[in-house]
Amino acid sequence: MDYSAYLVPLLLVSVAVFAMGKRVNVYSALTEGAEDGLRVLMRVLPALVGLMTAVYMLRASGAMELLGELLAPLLVRLGIPPETAALLFIRPVSGSGALAIGSELMASHGPDSYVGRVAAVMLGSTETTFYTIAVYFGSAGVSKTRYAIPAALIADLTGFMAAAFAVRLLFG
Amino acid sequence: MAMAWVWTGMVALSVVYGLLNDTIGAVGSAAMEGAAAAVELCLNMAGIMCLWSGVMSIMKACGLMDGLSRLFRPILSRLLPRACRDPETLAALSGNVSANLLGLGNAATPLGIRAAQRMAAGTNGRASDELCTLVVLNTASIQLLPTTVAGVRAALGSGSAFDILPAVWLASLLSVAAGLTAAKIFSKLWRG
């Protein structure tokens, strides 16, 4: 199971060599992209400060735990760890909010723990559904969205269940 | 505005609950801790985020995105047959899917919007079945390298930040399949 140790170095070298073969200025493309990455971070930082403050407060007050406890019977039946309850609610609404809750889960349970991994897979395999719907339908001038929202939410719920299932399957 | 309600609600709930449970002292110090943790997390993941954005930009520069786009055309013409009869919509669609796969959100959204606008032309604001399918495809987008999440894991000291990749792919595939199936079923049953 050590394939991921090869992934990063092999990907780096093969992309660089392939691009050199195509006469691409690899280094300037790399630094330009890195600048883009910095812009993304600058955009996400203010939102993250606001949301992580709120998430830490919720957690310290005990309300987050209560939410998990209330939903535990249902979530356990779906195979979803109850600790991730808050993540399920914020994920379709706010990308940076989900990142705040997800990283708090990874920090408090450990990034390589079961809950930490499930939170990471949930973040990686779902989207900010309502934002996406608003952007696409809004710019296309569509007001009757019909079944797009329920279908997208079914995809999200399946993604959450599949995240827990995939982590159990692949990490035992 | 929605986020204003969410944020205020979260803060109000924690203060009320903190007062009731006598955890208000912890709530106060947690606020400071949370704000500091946000900056710390960003700093810790800045390196890996910038590195992967750089790698993605090399991939784009050497035509990998165009290659992927060609790969997706046959699948897309099956999924969205009517939209794909228009070559320009097809080009935007396949670019949208491949940019999503590479995690190039900044490239994916404008292409997707262009496709959506062409598909919505002359429908009087009512989403067609194919437009719903496109939106579902984008809300459940599959990403080959979820670099932000890997960045967070690396920042928090994970032994192998990318070891979640197969799990992410599996979960994304299942979620896209469920979304598309639901859209297919709803398109037969939905009134209006």
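Predicted model: local features only at pLDDT ≥ 70, side-chain atom pairs only at ≥ 80, totals over all residues.
Residues are numbered from 1 along each chain as its sequence is written, while chains are lettered from A and ligands numbered from 1 in the order in which they are written. Local features need pLDDT of at least 70 and side-chain atom pairs count only at pLDDT 80 or more, whereas totals for chains, interfaces and linings use all residues.

Trainee: Which element of chain B has the highest mean pLDDT?
Mentor: Helices are DSSP runs (H or I, at least four residues; strands are E, at least two), numbered from the N terminus. Helix 3 of chain B has the lowest mean pLDDT, 88. The highest, 95, belongs to helix 8 of chain B.

Trainee: Which helix of chain B gives the most to the side that touches chain A?
Mentor: Contact means C-beta atoms, placed from the backbone, within 7 Å. The contact takes 84 residues from chain A and 87 from chain B. Several helices of chain B each supply at least two residues, including helix 1 (2–21) and helix 5 (105–120). The most, 25 residues, come from helix 2 of chain B.

Trainee: How many residues on that side of chain B are charged?
Mentor: Nonpolar covers Ala, Val, Leu, Ile, Met, Phe, Trp, Tyr, Cys and Pro; charged covers Asp, Glu, Lys and Arg; the others, Gly among them, are polar. The side of chain B that touches chain A has 57 nonpolar and 26 polar residues. The charged residues number four.

Trainee: Why is helix 6 of chain B largely enclosed, and how many of its residues are buried?
Mentor: Buried means 20 or more other C-beta atoms within 10 Å of the residue's own; exposed means 12 or fewer, and partly exposed lies in between, with C-beta atoms placed from the backbone. The cover over the buried residues of helix 6 of chain B includes helix 7 (129–140) and helix 8 (148–171) of chain A. Helix 6 of chain B is largely enclosed by the rest of the structure because its buried residues number ten of the eleven.

Trainee: Where does helix 3 of chain A bend?
Mentor: Chain A has eight helices and zero strands. Pro73(A) follows the bend within four residues. The bend (the angle between axes fitted to the seven residues ending there and the seven starting there) is about 60°, at Ala72(A).

Trainee: Which residue with positive phi follows helix 3 of chain A?
Mentor: The buried residues of helix 3 of chain A are Ala63(A), Met64(A) and Leu75(A). They pack against partners including helix 1 of chain B. After helix 3 of chain A, phi is positive, near 80°, at Gly79(A).

Note on methods: Contact = placed C-beta atoms within 7 Å. pLDDT = per-residue confidence, 0-100.
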